[in-house]
Amino acid sequence: MDIKEIKAKLSITQVLAYYGITHIRNKQIHCPYHEDKTPSMQVYEDKGLVYYHSSNCKNGGKHLDQIEIIQQKEGCTKHEAIKKAISLITNQSITTPIKTTMTGAVANLVSRRVRVFYSEIVGVCLT
């Protein structure tokens, strides 16, 4: 599966939802890398991109696609991010966006803690 096909099958909102990041309003979201009083990221679903507006962020002024979001969230290489994207596509329970009312850093913290808890209890890593 090539990158173009991955991007066609895995939407930017599905990737964000997998990491517990959801839209606030007008397709804006709080940055998962720092505390935001107001949303500093814009989601462009039609282009499959997220734009970081904040100048206080390491990603400020950048557009990131599905693969790059995975790469940053997982702290992995591009090749590993592509493999993760393929696994998200093939795992049907994950490709449906998660509905949540949590936002920003809170949702990311909960998501990380759930993965750690699950890996400790079941012995399977969810990253």
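## Exercises on salt bridges

At 40% relative accessibility, Lys27 counts as partly exposed. Keep this residue in mind as you work through the exercises on this predicted model.

**Exercise 1.** Find out how many salt bridges the model has.

*Solution.* Let's begin with the general idea: side chains of opposite charge can pair when their charged atoms come close. The cut-off is a Lys or Arg side-chain nitrogen within 4 Å of a carboxyl oxygen of Asp or Glu. By this rule the count is three salt bridges.

**Exercise 2.** Work out which residue Lys27 pairs with, and where the two partners sit.

*Solution.* Step one: Lys27 meets the side chain of Glu45 in a salt bridge, with 3.7 Å from N to O. Step two: this pair links distant parts of the chain, 18 residues apart. Lys27 lies in the loop between α2 and β1, and Glu45 in the loop between β2 and β3. Step three: Glu45 is partly exposed, at 38% relative accessibility.

**Exercise 3.** Describe the salt bridge between Glu5 and Lys9.

*Solution.* Step one: their side chains meet at 3.3 Å, N to O. Step two: both residues belong to helix α1, and because they are four residues apart there, about one helical turn separates them. Step three: Glu5 has a relative accessible area of 34%, and Lys9 has 43%.

**Exercise 4.** Decide whether Asp65, the partner of Lys7, is buried or exposed.

*Solution.* Step one: the closest N and O atoms of Lys7 and Asp65 are 2.6 Å apart. Step two: Lys7 is in helix α1 and Asp65 in the loop between β4 and α3, 58 residues apart. Step three: buried means under 20% relative accessible area. Asp65, at 11%, is therefore buried, whereas Lys7, at 32%, is partly exposed.

How values were computed:
Residues are numbered from 1 along each chain as its sequence is written. This is a predicted model: local features need pLDDT of at least 70, side-chain atom pairs count only at pLDDT 80 or more; totals for chains, interfaces and linings use all residues. Side-chain values use heavy atoms; hydrogens and water are left out. Helices (H or I, at least four residues) and strands (E, at least two) are DSSP runs, numbered from the N terminus. Buried means under 20% relative accessible area, exposed over 50%, partly exposed in between (1.4 Å probe, protein chains only).
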